[in-house]
Structure formats: C-alpha cells, structure tokens
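Good morning. Please look at the sequence and the structure on the screen, and then we will go through a few places in turn.

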Amino acid sequence: MADADPRGGPRIVFLGPPGSGKGTQAARLAEELGIPAISTGDMLRAAVAAGSELGARVEGIMESGALVDDDTMAEVVRERLRQADARCGFILDGYPRTARQAETLQGILDAGGDRLDLVISLRVPEQELVSRMASRGEVEGRADDRAEVIRERLRVYEGTTAPLVERYSAAGVLREVDGDRGIDEVAASLRELVA
Ligand code: ADP
C-alpha cells in the first residue's frame with residue numbers, strides 16, 4: 001500500500017483520547033508503512049525544549065491541558081505537510097483536534113489534490129486512560145500528566161475532539177479500534193486495517 005502511487009500513499013489520521021496509546025501506535029504503524037508519523041504534541045514539545053518563539057508561546061497552554069489556538073496549529077501543520085517526506089503519505093497523531101482544524105486539514109489536502117484515506121479512532125475506557133496517564137507522569141515526568149491536568153485534557157477531548165469521530169464517520173473514512181488491549185494486539189489490528 002505504502003509504495004503504490006508515489007503521491008497516493010496512505011494519509012491517515014489517528015483520533016483518540018490522551019492515554020489511548022495513539023502516539024505509540026501511530027509511530028509503529030508509520031514505520032511499517034514507510035511514511036512519517038507526525039505528532040503535533042511532539043513537535044510542540046520539541047519547540048518548547050528548543051526554546052523557540054513558538055515554544056515560548058505554547059508552553060503554558062500545554063502545561064494547563066488546554067489546546068493551542070487553531071491558527072498557530074494551522075501554521076505548524078501546513079509547514080510540516082509541505083516537507084518532502086510527507087508527500088507520499090503520513091500518519092497524523094494529535095491533529096486535527098477541533099472542527100476548524102479538520103477544515104484546515106481538508107483545505108491543505110484539497111489544495112494538493114489529495115484526500116484522507118483513513119481515520120482511526122482508538123477507543124479506551126476513561127478509567128483506563130486515567131491510570132495509564134498517571135503512571136506515565138511518574139515514569140516520564142511529562143509536565144501535563146498531573147491529575148488535574150489529565151482531567152482537563154480528557155474534558156477537552158470529549159468536548160472538542162470527540163465530535164470529529166462523527167464527522168469522519170459521516171465521511172465514510174472512520175474505523176474504530178479497541179485500544180484497551182496489549183500494544184502488540186492493537187498493532188496487529190491496525191496492520192490488518194490498512195492492509
Ligand atoms: P495527548 O497525550 O493528549 O495525545 P499530545 O502529545 O498529542 O497529547 O499533545 C499535548 C498537548 O499539545 C495538548 O494537550 C495541547 O496543549 C497541545 N497540542 C497538540 N496538538 C494540538 C492540536 N492539534 N491543537 C491544539 N493543541 C495541540
């Protein structure tokens with residue numbers, strides 16, 4: 001699939017609440033398909049670590065569990081998707097997160113004559129999400145993995161991002177995957193889905 005038409009590689013979006021494992025699965029699937037996994041969370045964290053102007057602008061917002069504004073994210077994503085490695089497909093992890101971001105992505109794809117092939121929604125019960133993120137906070141020390149920030153990120157996901165599931169379902173590109181299983185089992189389901 002990945003090496004068919006050089007411009008026609010799979011363009012995939014991963015949707016899923018924080019703690020659903022979508023970052024792990026997106027990276028793994030992308031590697032198997034030979035396409036880049038583009039994580040907007042990783043890009044923003046890299047900007048913060050680098051002390052760039054963008055990093056300074058988004059640091060406090062990320063620490064609070066809120067979303068960075070749509071215009072800033074549009075710039076970040078537009079520039080990243082313009083790079084050569086994203087021409088033949090990509091997996092987007094963490095974008096879009098709002099209806100406006102979905103419109104922006106649609107616009108970028110339309111402009112290139114491209115379309116989304118697949119939107120994968122990773123489903124995990126809320127109780128499991130909270131316990132996963134709480135232990136991740138201890139192990140990796142992510143500043144936004146504290147209990148009250150976790151709740152805020154889940155709230156933002158439910159209110160703002162989860163409605164995108166409906167949108168992509170109506171567009172006929174949505175597939176739901178049970179993320180409440182071991183990493184390898186979930187990965188196997190995803191591999192089957194794109195095959
Ligand atoms: P998660 O563990 O919730 O999947 P990410 O690593 O994707 O977290 O993102 C971490 C934080 O980065 C978000 O809580 C948000 O502040 C910011 N962020 C990442 N992607 C976006 C986006 N598409 N729109 C707005 N903010 C974003």
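In which helix is Ala111 found? Ala111 is in helix α5, where a helix is a DSSP run of H or I with at least four residues, a strand is a run of E with at least two, and both are numbered from the N terminus. This is a predicted model, in which local features need pLDDT of at least 70 and side-chain atom pairs count only at pLDDT 80 or more, while totals for chains, interfaces and linings use all residues. Residues are numbered from 1 along each chain as its sequence is written, and side-chain values use heavy atoms, without hydrogens and water.

Is Ala111 buried or exposed? Ala111 counts as exposed because its relative accessibility is 72%; exposed means over 50% relative accessible area, buried under 20%, and partly exposed in between, with a 1.4 Å probe and protein chains only. From Ala111 to Asp145 there are 34 residues along the chain, and their C-alpha atoms are separated by 37 Å.

Next, Glu128. It belongs to helix α6, residues 126–140. Glu128 is partly exposed because its relative accessible area is 28%. Its side chain makes a polar contact with the side chain of Arg132, at 2.9 Å. A polar contact is a pair of N or O atoms within 3.5 Å; within protein, one must be able to donate a hydrogen and the other to accept it, and residues adjacent in sequence count only if both atoms are side-chain atoms. Ala187 is 59 residues from Glu128 in sequence, and 18 Å away from C-alpha to C-alpha.

Now the loop between β3 (90–93) and α5 (99–111), where Pro96 lies. The peptide bond from Tyr95 to Pro96 is cis, with omega near 0°.

Last, the ligand. Which atoms of the protein lie at polar distances from it? A backbone N or O atom of Gly94 is 2.8 Å from a ligand nitrogen atom. For Arg45, a polar side-chain atom lies 2.9 Å from an oxygen atom of the ligand. In the side chain of Arg142, an N or O atom is 3.4 Å from a ligand oxygen atom. The ligand taken alone exposes 550 Å², and the protein buries 95% of that, with areas from the Shrake-Rupley method and a 1.4 Å probe, where for residues only the protein chains shown count as cover.
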